[in-house]
Amino acid sequence: HTGARMTSTSPPPSYDALLAEHGPGAFFELANLRTFTYDGLELEQDSGVENSCGGIVWESAFCLTKFLESADAFARWGRRRKKLLELGCGCGLIGLVAARAGAVTVMTDVKEVAFGACSRNVERNVEAKAFGEHAPPTVKALDWEREDELNEVIAIGPYDVVLGTDVVFSVKLVGPLLTCIERTLKKSSSSVCYVCIQRRSPDAHEEFLKQTKEIFNVRVVRELDFMEDDECELFELTWMEKDVGARRTKKKRKTGE
C-alpha cells in the first residue's frame, strides 16, 4: 500500500496522485494515511479519535469540495468575503480550501476533533503560508446538542454559507443538526447551505429529508462529477420566501422605514 512505502522523510502523497494510481480504491488508501496533501494543503488524519468518525476525511468531503471548486463557488465566496460555517468539519479539508480562497471561515466539530487534528491542520498550513494574504479558519467546538457552544458560534455569525458532510448518521441528531443550520444561516435569499452525505442510516436519511423540507427549499444537486458520486448525495438548502420576507418586514418595522 501507498502508506507502507512512505518513510519519515517522504513527502505526504497527494490526493490527485492516489486517485490517478488507484481510481476509486484511492479512498481506502487515503483513509489509512496519517497525512496527505490536497492541492498544496497538507492534512493530518487521526483514526484514533474516540466516539467520532471525524478523524478521517470521508468521500463526501472530497465530493463537496470538488463540486464547489467546479462551480467556482470558493473563489466567488472569497472575492465577496462571504462568511462561511462548516459543521462537523472533521480534519478540516473544506474549511481550509474555503479560507485559502478568502472566505471568512469558521470550522466546527466536537471538542476532541476540533482541537485535535483539525486545529493541527490549521497550524501546519499557517506555518506553510498556505493561506497567503487571507486569514486562516477559526476553529470552534460545537456539539449540536450544547446550547452554550452553539451560542458562541452564533455570536460570530450569521453565515452566508453553511456546509456539512457526513453529518446525517443518527435519527436523534437530525433535529439538533437542523437547529444549528436554522440558527446560523443568515436569513437572506442569497444564503445557502450544502449538505453532502452517504446513506449511513436509512432512518436518519428519511428523517433528514422529512424535517429539512419543513424548513427549507431543498434541491437535490444532480450535476456531480465525482468518482464516488453514486454513493454521495448532495442537497442544496435555501430559505423559503416567507422566511426571508418575514425578516425583511421585521427589519423595516424596527428601523421605522
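The model is predicted, so local features need pLDDT of at least 70 and side-chain atom pairs count only at pLDDT 80 or more, whereas totals for chains, interfaces and linings use all residues. Residues are numbered from 1 along each chain as its sequence is written, and side-chain values use heavy atoms, with hydrogens and water left out.

A salt bridge was taken as a side-chain nitrogen of Lys or Arg within 4 Å of a carboxyl oxygen of Asp or Glu. The count under this rule is 18. One network of salt bridges links Arg34, Glu42, Glu44, Asp46, Arg120 and Arg124.

Helices (H or I, at least four residues) and strands (E, at least two) are DSSP runs, numbered from the N terminus. Accessibility is given as relative accessible area: buried is under 20%, exposed over 50%, and partly exposed in between (1.4 Å probe, protein chains only).

Lys186 and Asp160 form a salt bridge with an N to O distance of 2.9 Å. Lys186 lies in the loop between α9 (171-184) and β7 (192-197), and Asp160 in the loop between α8 (147-155) and β6 (161-165), so the pair ties together parts that are 26 residues apart in sequence. Lys186 is partly exposed at 31%. Asp160 is buried at 11%.

Arg199 and Glu233 form a salt bridge at 3.0 Å, N to O. This pair links distant parts of the chain, 34 residues apart: Arg199 is in the loop between β7 and α10 (202-215), and Glu233 is in strand β9 (residues 233-239). Arg199 is exposed, at 57%.

Arg79 and Asp72 also form a salt bridge, at 4.0 Å, N to O. Arg79 is exposed at 60%, and Asp72 is partly exposed at 37%.

Two or more lining residues come from each of α4 (59-70), α5 (73-79), β7 and β9. Helix α5 gives the most, with three residues.
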